[in-house]
Amino acid sequence: MKKDMFIFNNGRLCRKDNTLMFEGEEGKKYIPVNNVESIYIFGEVDVNKSFLEFACSNKITIHLFNYYEYYVGTFYPREYLNSGYVILKQSEAYLNYEKRVIIAKTFIDGAIKNILQVLKYYERRNSNLEGEIEEITNLLDTLQLQSTIETIMAIEGNVRQVYYKSFNKILDDEDFTFTSRTKRPPKDRINSLISFGNSMLYTLVLSQLYQTQLDPRIGYLHSTNDRRFSLNLDVAEIFKPIIVDRTIFSVINKKIITKKDFNKDLGSIILSDEGRMKFIKEFNEKLETTIKYPNLPNRVSYKRLIRLEAYKLQKFITEDEQYLPFIAKW
């Protein structure tokens with residue numbers, strides 16, 4: 001698969017003949033355009049119309065983040081795979097409340113089962129998580145009884161509360177104590193990592209949806225409204241525990257990221273540029289990890305799994321083929 005490009009420095013991104021060029025303090029760097037799927041911009045970077053047209057013609061999505069790690073927006077090239085038929089079927093599935101509930105429930109079912117897989121993984125490493133596993137298993141049993149989006153999201157919220165309590169047992173570092181979930185702004189180091197990791201996953205899923213016929217504006221768990229994109233938030237729920245959370249546990253327990261990799265600014269705790277680079281390195285290594293996937297001859301990466309998940313969802317929406325979420329098996 002094509003690679004993602006991350007820009008942390010200030011400078012200028014432009015087209016140079018038939019390739020990309022970034023010019024910053026360290027000079028010029030050329031990037032083969034046929035090897036780039038998405039560009040993530042964290043620094044102050046200038047672009048022009050010629051560059052955007054070139055990115056569009058090469059189907060490159062560009063994700064923008066500000067100094068505070070917040071996702072700002074995406075340059076989303078003109079859709080080249082969108083199908084009028086698929087969009088109609090997506091809309092029908094959203095307007096058919098019963099079908100929408102089935103899809104939303106499937107997302108959360110996958111999310112909870114992957115949370116349990118993560119907890120069982122660390123339980124086998126003497127983290128004493130039997131209580132959390134039992135409590136979340138009981139909540140999972142009640143999920144299939146729910147018939148509204150609101151109650152499904154309530155179950156997910158209750159699971160997350162229990163799950164977050166387990167972080168202090170999994171993490172072996174007093175500098176990363178979890179108290180409660182805070183988002184805008186994140187009030188401590190662990191919340192900063194969660195927010196940054198989730199934003200990275202949301203944009204990654206968006207880039208993968210661009211490579212399918214699905215319209216990312218039509219979500220099912222997260223309502224389709226004035227928000228630009230929502231389907232990527234839905235699909236990301238399945239992968240947060242096994243990609244974002246395990247990356248967080250890894251960078252902390254292996255001392256890859258320490259308290260020195262954070263800055264405090266206007267009441268917010270944010271990752272430094274060096275901290276972001278460390279996190280993204282581990283995040284990408286996780287995405288490139290390959291596993292055996294049912295009915296496929298070759299092993300597939302976690303990044304590829306996200307696109308396969310979108311294909312399964314499309315099959316359900318257009319052909320009523322049973323949709324089962326990806327569940328990790330370790």
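What radius of gyration would a compact globule of 330 residues have, and what does the protein chain have? A compact globule would be near 20 Å, and the protein chain has 20 Å, which agrees. The radius is taken over C-alpha atoms, and the globule rule is 2.2 Å times the number of residues to the power 0.38.

Before going on, the basis. This is a predicted model, where local features need pLDDT of at least 70 and side-chain atom pairs count only at pLDDT 80 or more, while totals for chains, interfaces and linings use all residues. Residues are numbered from 1 along each chain as its sequence is written, and side-chain values use heavy atoms, with hydrogens and water left out.

Along the principal axes, the C-alpha atoms fill a box of roughly 60 × 50 × 40 Å. Buried residues, meaning under 20% relative accessible area with a 1.4 Å probe and protein chains only, make up 55% of the 330. Take contacts, that is, heavy atoms within 4.5 Å, between residues at least 6 apart in sequence: 65% of them join residues at least 24 apart.

Now the secondary structure. The chain has 10 helices and 12 strands, defined as DSSP runs of H or I of at least four residues and of E of at least two, numbered from the N terminus.

Strands pair if DSSP finds at least two bridges between them. E2 (residues 11-16) runs antiparallel to E3 (residues 19-24), with six bridges. Lys16 is partnered with Thr19 of E3. Two residues separate E2 and E3 in this hairpin, and Asp17 in the turn has a positive phi of about 55°.

E3 in turn is joined by five bridges to E4 (residues 27-31), again antiparallel. Leu20 has Ile31 of E4 as its bridge partner. E3 and E4 also form a hairpin, with two residues between them.

Note on methods: Buried means under 20% relative accessible area, exposed over 50%, partly exposed in between (1.4 Å probe, protein chains only).
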